[in-house]
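Here are my notes on the model, in numbered points. Please read them with the structure open.

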Amino acid sequence: MMEAVIANRPVELNEEGYFLKPEQWDREIAHAIAEEEEISLTDKHFEVIDYIRDQYDKDVALTIRRIGKSGVVNIKEFYALFPDGPLKKASRIAGIPKPASCI
Amino acid sequence: METLEAPVKKKAKKEKKLRKIMIINSKATIDAAYAALILANGARMEGIASEMFCTFFGLEMITKEKMKHLHVATVGNPGMHIPTMIGGLPGMESFASNMMKKEMEKLDIPEIDEFIEIYQASGGKIFACKLAMDMFHLKEQDLIDDLDGVLTVGDFYNRADEEGAQIIFI
């Protein structure tokens with residue numbers, strides 16, 4: 001575990017930069033992490049982020065398949081919004097712990 | 001507990017050494033098809049380029065009429081822990097295959113056709129082996145509509161000829 005400051009807010013992250021306490025997250029933090037990933041967040045990104053956080057709150061394990069069926073984005077759009085590893089990137093930007101998914 | 005002075009900003013981009021995964025699937029069993037798809041799709045999930053090459057019996061997973069009826073081998077498969085004589089009884093393969101599919105559904109693992117759609121939507125490519133198609137008298141229209149092409153072994157190696165490419169045979 002390590003402590004970091006993102007968008008002037010103290011947060012707790014794991015070694016790979018994923019949030020350990022999702023309640024420390026807010027939208028400005030999301031923008032700051034996204035910038036680091038060279039993604040500029042749009043409303044569509046936030047729709048996905050909100051969905052991911054909602055699923056996390058409901059204790060549902062996230063998979064690409066589930067996101068594709070969410071009605072929020074299809075899989076192609078999801079890969080386009082968060083290029084090079086969408087599930088992991090989106091989870092990091094959404095401030096939830098690293099997803100442990102193989103599918 | 002370590003504390004970072006500066007924000008996590010601009011972490012140095014690590015250059016990926018593994019840039020492209022190429023999976024050759026030569027088998028028709030459920031376990032081989034899923035191993036191939038999970039490896040190939042998993043590469044896309046990590047932002048790694050991914051291609052799949054189906055040859056020999058591996059063509060069954062992309063053959064329209066066969067892809068929904070793949071089986072696990074109940075004979076000659078020590079992993080099943082079924083005596084060979086019992087494994088050979090009629091209906092045994094279907095029974096074992098259905099049991100396996102149920103377990104996979106519980107884990108949110110999609111069926112083969114849906115998995116292929118997910119994989120291709122992620123940017124993954126699927127190719128068929130020309131020689132094996134000729135051998136099994138398969139035409140392109142017998143295979144999935146979104147096939148990315150039919151390749152010879154030479155074509156396949158040419159696609160692998162780039163830095164950071166790895167070939168995995170199943």
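What percentage of the 103 residues of chain A count as buried?

1. The answer is 30%. A residue is buried if 20 or more other C-beta atoms lie within 10 Å of its own, exposed if 12 or fewer, and partly exposed in between, with C-beta atoms placed from the backbone. In chain B, buried residues make up 31% of 170.

2. A word on provenance. This is a predicted model, in which local features need pLDDT of at least 70 and side-chain atom pairs count only at pLDDT 80 or more, while totals for chains, interfaces and linings use all residues. Residues are numbered from 1 along each chain as its sequence is written, chains are lettered from A and ligands numbered from 1, in the order in which they are written.

3. Chain A has two strands and five helices. Its pattern along the sequence is β-β-α-α-α-α-α. Helices (H or I, at least four residues) and strands (E, at least two) are DSSP runs, numbered from the N terminus.

4. The radius of gyration of chain A is 13 Å, which agrees with the value near 13 Å for a compact globule of 103 residues. That radius is taken over C-alpha atoms, and the globule rule is 2.2 Å times the number of residues to the power 0.38. The C-alpha atoms of chain A fill a box of roughly 35 × 25 × 20 Å along the principal axes.

5. Glu47(A) sits in helix 2 (residues 43–57) of chain A. It counts as partly exposed, because it has 14 C-beta neighbours inside 10 Å. Its C-alpha atom is separated by 6.8 Å from that of Val72(A), 25 residues apart along the chain.

6. Chain B has six helices and six strands. From the N terminus they run β-β-α-β-α-α-α-β-α-β-α-β. The C-alpha trace spans about 65 × 45 × 25 Å along its principal axes.

7. Now a helix pair in chain B. The axes of helix 1 (residues 30–45) and helix 4 (residues 112–121) of chain B come within 10 Å and cross at roughly 20 degrees. Axes are lines fitted to C-alpha atoms, for helices over the stretch in contact, with angles running from 0 to 180 degrees between N-to-C directions. The two helices of chain B are therefore roughly parallel (angles under 35 degrees).

8. Which residues of helix 1 of chain B make this contact? They are Ala33(B), Leu37(B), Ala40(B), Asn41(B) and Arg44(B). Helix 4 of chain B contributes Ile112(B), Phe115(B), Ile118(B) and Tyr119(B). Contact requires C-beta atoms, placed from the backbone, within 7 Å.

Note on methods. Parallel < 35°, antiparallel > 145°, perpendicular 65-115°, else oblique. Contact = placed C-beta atoms within 7 Å.
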